Amino acid sequence: PFPMQTTYTWSDEGSATRMVLANTGEPAGFSKVAGFLMAPMMRRAMGKDLRKLKELLESGAADR
């Protein structure tokens, strides 16, 4: 609904890898008004995507 930039930062944490996700964007028009409703939906969608990414990485499917 509006331009948004997503940045993923990966760092080595010894026996694990830490990923930090940051989203930036400035809603305008209707998106600005509906922003408070969209934020929880965006968080749920990102959470779903990140769980799927974790599953793929840990299963080795990303290496195939």
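Predicted model: local features only at pLDDT ≥ 70, side-chain atom pairs only at ≥ 80, totals over all residues.
Residues are numbered from 1 along each chain as its sequence is written, and side-chain values use heavy atoms, with hydrogens and water left out.

To start with the overall layout, the protein chain holds two helices and two strands, and the pattern along the sequence is β-β-α-α. Here helices (H or I, at least four residues) and strands (E, at least two) are DSSP runs, numbered from the N terminus. The C-alpha atoms fill a box of roughly 45 × 20 × 20 Å along the principal axes. The radius of gyration of the protein chain is 15 Å, whereas a compact globule of 64 residues would have one near 11 Å; the radius is taken over C-alpha atoms, and the globule rule is 2.2 Å times the number of residues to the power 0.38.

Next comes the surface. Of the 64 residues, 8% are buried, where buried means under 20% relative accessible area, exposed means over 50%, and partly exposed is in between (1.4 Å probe, protein chains only). The accessible surface of the protein chain is about 5,400 Å², and carbon and sulfur atoms own 59% of that; such areas come from the Shrake-Rupley method with a 1.4 Å probe, and for residues only the protein chains shown count as cover. As for charge, there are 9 positive and 7 negative side chains, with the centres of the two sets 9 Å apart. Lys and Arg count as positive and Asp and Glu as negative, leaving out His and the chain ends, and each charge is placed at NZ of Lys, CZ of Arg, CG of Asp or CD of Glu.

Among contacts in the protein chain with a separation of 6 or more, 31% join residues 24 or more positions apart; contact means heavy atoms within 4.5 Å. F2, in the segment before strand 1, gives some examples. Leaving aside neighbours within four places in sequence, F2 is in contact with G25, E26, P27, S31, M38 and M42. Between F2 and G29, 27 residues apart in sequence, the C-alpha atoms are 9.4 Å apart.

M4 belongs to strand 1 (residues 4-12). M4 counts as partly exposed because its relative accessibility is 41%. Not counting residues up to four places away in sequence, M4 touches N23, T24, G25 and M42.

K52 lies in helix 2 and, at 43% relative accessibility, is partly exposed. From K52 to W10, 42 residues away along the chain, the C-alpha separation is 17 Å.

That leads back to G60, which follows helix 2 and has a positive phi, near 85°. G60 counts as buried because its relative accessibility is 19%. The C-alpha atoms of G60 and T9, 51 residues apart along the chain, are separated by 21 Å.
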